[in-house]
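Below is a short report on selected strands, helices and side-chain contacts.

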Amino acid sequence: MPQTKLLYPYEYSSQIRLVARDPYDPAEEGRVFKWATVEEESSEEVSTLDLSHEDRPWARICFKVEASMPEEELAELVPLGADVSSDLHMYLSIICPATRLREAVELVRDDNVWRGDITIRHSHVRGTVQLTPFLVRATDLPAGTAPTSGLMLATDHAMRVGEGRRLALVVDPPNRSLKGLVKTVWERFGESSDATRRSNDSLPFDLDLGGEEPVLFLNSSQTGMRAALHSRARTGAAAVMRHTVNAAIAQSVWLQLFLAAVAGLDCSEGSEEIGLPSQQWKRRVLDTLVAQLPSNLPRDERIRSLVQMRDDQMETLVPRLAFVAQRVVRMGRLIRDAERAAERFLDLQEGSA
Amino acid sequence: MIIHRVKPQVSAMIDQEVWNGQRQLDLSPYLVEVPDAGEVDIDLLKGLLKDALDRHLDKETELDQWLAPRFHSALRIAPRLAGDAGVWTWLCFQVGLPYLRHRWPFNLYRLTGDFKRNGLSRLWFFSEMARNGADYADVRLVLRNPSTAQYAMENRYAMYRPAVIAFGRLAEQRQSSFDEMKQLSKRINAYLSLRSLEASGYMTPDEGIDVDWWNDRPTLAEVVGKDPKGPRDHEVPDKAIRELMVWYESLLPEADDEEAV
């Protein structure tokens with residue numbers, strides 16, 4: 001896979017390696033977190049630490065982090081004879097966009113490795129927490145300081161001179177364009193209790209509309225798809241795949257939801273009354289659908305036209321529902337995002353060539 | 001009252017009539033109880049918002065300054081819950097519409113938008129991000145006018161508490177204009193592609209929380225009083241604020257230059 005190289009006006013390293021280990025909850029001795037790690041290959045190389053499937057609530061998670069980088073790479077970032085510990089400082093950035101949490105923990109260098117202890121309160125985070133190691137110049141360098149390699153060095157304190165792969169700590173399962181209406185479950189289809197999914201174990205997803213609420217089963221055997229859907233990468237193959245997989249699944253799911261909701265409308269022969277579906281989720285889906293239909297008609301008329309098409313003109317109804325599904329999932333935007341992710345990736349490749 | 005969230009599908013049902021209070025919206029199809037979220041004192045929030053409107057404060061420069069710290073002090077919820085946009089939509093329908101109508105013309109995002117657009121969540125988040133421990137003084141600085149609020153609170157650097165406080169203090173000290181803050185904000189964002197905000201004014205993360213404050217339920221008299229107090233956690237060292245102010249100031253001459261061009 002091609003690699004991206006970012007350009008900086010001075011020596012910069014993207015070779016910092018971050019390892020997180022030994023997660024525990026100090027309030028619950030002996031608790032073992034099911035800390036699932038998903039490795040990804042993408043331009044940003046985001047790894048995922050998935051805590052979203054914990055079966056019990058947790059109050060705090062504490063874990064150790066270690067950041068390291070090749071000594072020869074490190075030597076290019078400091079002046080000749082400089083002491084790395086005093087000249088460079090390593091931090092771990094902790095960002096949770098949903099709760100506006102942003103802080104950094106300074107790591108301590110010992111034996112060529114920077115180490116630190118991280119604590120995250122469950123009450124302070126939501127969704128996904130981004131953990132990124134970065135290295136900064138700790139002091140202003142005197143003018144004319146000689147670099148080891150003869151290349152430019154960042155000279156001002158607080159300038160970033162290196163960054164490592166980001167870890168995504170998933171606290172809550174991603175809730176994408178289905179907007180909370182559909183419960184999402186990852187399942188290995190080959191081992192499913194459902195015979196249909198078991199016999200279709202190479203397919204990526206299945207929407208189950210037979211229960212109290214719709215459930216979208218995603219096939220966890222599709223490891224590339226899982227990594228892409230968890231990814232926060234903005235460029236590269238993972239980003240392109242995330243946008244396109246989201247578009248494909250979401251559009252199909254919404255189309256099925258619309259069809260199920262319209263099928264649930266009850267219009268007895270000879271009666272003017274239209275009965276709404278008995279299941280609440282179908283009524284909500286219907287609200288979304290009706291809101292997207294031409295608004296020059298009152299709501300009841302719009303519902304009545306759906307029933308007429310269902311009974312007499314399915315070939316008209318289905319394409320119309322497919323259009324609405326594309327609008328609801330913002331299909332055009334997802335495709336544009338995928339295009340941009342690919343273009344940015346290609347630009348970066350060309351820029352580094 | 002038990003805290004609920006409103007599902008985003010409600011957006012399709014909200015229009016000017018709902019905003020104006022001319023049509024009552026049946027929220028029941030969209031309501032979900034939030035597990036383990038606890039309760040909120042709806043009467044306290046209603047009373048506080050009414051008190052704020054009754055003061056006839058200037059809505060651009062005085063109302064949010066007065067209200068935001070008190071709203072934060074009255075609504076003691078965890079950031080995790082505050083990060084749920086559906087909870088803010090629910091609160092808007094429960095208590096917020098009179099304030100929203102007074103403050104802004106109809107816009108859907110004042111009811112369903114993200115943290116900085118929802119009319120109530122911005123009061124809470126701006127206070128949470130700009131408070132310095134128990135002291136809300138810096139909240140008033142960043143809310144001195146809409147442009148300071150915009151540039152101090154809405155950018156990515158505004159997630160870092162010392163950066164927010166430093167921006168507000170510098171804007172107040174210089175009585176910065178909209179253009180000056182805009183240029184400064186642009187400069188900060190540009191430099192942050194090479195520079196670390198945290199290393200420019202470092203604050204060790206505060207792992208403690210003021211449990212007593214967060215668990216206490218204040219009265220209306222306490223929150224409308226002269227000087228509400230926040231929780232004694234997340235205090236920012238003066239050194240971090242000073243260092244960031246020095247850095248921001250070092251960017252200003254360049255901002256002035258660009259403005260002149």
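The report covers conventions, strand pairing, a helix, aromatic contacts and salt bridges.

## Conventions

This is a predicted model, in which local features need pLDDT of at least 70, side-chain atom pairs count only at pLDDT 80 or more, and totals for chains, interfaces and linings use all residues. Residues are numbered from 1 along each chain as its sequence is written, chains are lettered from A and ligands numbered from 1 in the order in which they are written, and side-chain values use heavy atoms, with hydrogens and water left out.

## Strand β5 of chain A

Helices (H or I, at least four residues) and strands (E, at least two) are DSSP runs, numbered from the N terminus. Strand β5 of chain A covers residues 88-96, and eight of its nine residues are buried. Buried means under 20% relative accessible area, exposed over 50%, and partly exposed in between (1.4 Å probe, protein chains only).

Two strands pair if DSSP finds at least two bridges between them. β5(A) pairs in the antiparallel sense with strand β9 (residues 128-137) of chain A over eight bridges; in that pairing, A:M90 has A:L135 as its bridge partner. β5(A) also pairs in the antiparallel sense with strand β6 (residues 101-106) of chain A, over six bridges, and A:I95 stands opposite A:R102 there. β5(A) and β6(A) form a hairpin with four residues between them, and A:R100 in the turn has a positive phi of about 65°.

## Helix α11 of chain B

Helix α11 of chain B has 14 residues (178-191) and should span 20 Å at 1.5 Å a residue; its end C-alpha atoms are 20 Å apart, which agrees. The expected span is 1.5 Å times one less than the number of residues. Residues buried in α11(B) include B:E180, B:M181, B:L184 and B:I188.

## Aromatic and cation contacts

Rings of Phe, Tyr and Trp (its six-membered ring) pair if their centres lie within 6.5 Å; planes under 30 degrees apart count as stacked, over 60 as edge-to-face and the rest as tilted. By this rule there are 14 aromatic pairs over all chains. One of them joins B:F167 and B:Y248 edge-to-face, at 6.1 Å centre to centre and 70° between the planes. B:F167 lies in helix α10 (residues 161-174) of chain B and B:Y248 in helix α15 (residues 238-260) of chain B, so the pair ties together parts that are 81 residues apart in sequence. Both B:F167 and B:Y248 are buried. Elsewhere, ring pairs link B:F71, B:W88, B:F115, B:W124 and B:F125 into a cluster.

A charge sits over a ring if NZ of Lys or CZ of Arg is within 6 Å of the ring centre and within 35 degrees of the ring normal. The charged end of A:R109 is placed this way over the ring of A:W114, 4.8 Å from its centre. In chain B, the charged end of B:R76 sits over the ring of B:W213, 3.8 Å from its centre.

## Salt bridges

The structure holds 33 salt bridges over all chains, each a side-chain nitrogen of Lys or Arg within 4 Å of a carboxyl oxygen of Asp or Glu. Between A:R160 and A:E163 the closest N and O atoms are 2.7 Å apart; A:R160 counts as buried at 13% relative accessibility, and A:E163 as partly exposed at 27%.

A:D337 forms a salt bridge with A:R340, with closest N and O atoms 3.4 Å apart. These residues, A:D337 and A:R340, are three apart in helix α9 (residues 331-352) of chain A and so are separated by about one helical turn. A:D337 is buried at 19% relative accessible area, while A:R340 is partly exposed at 40%.
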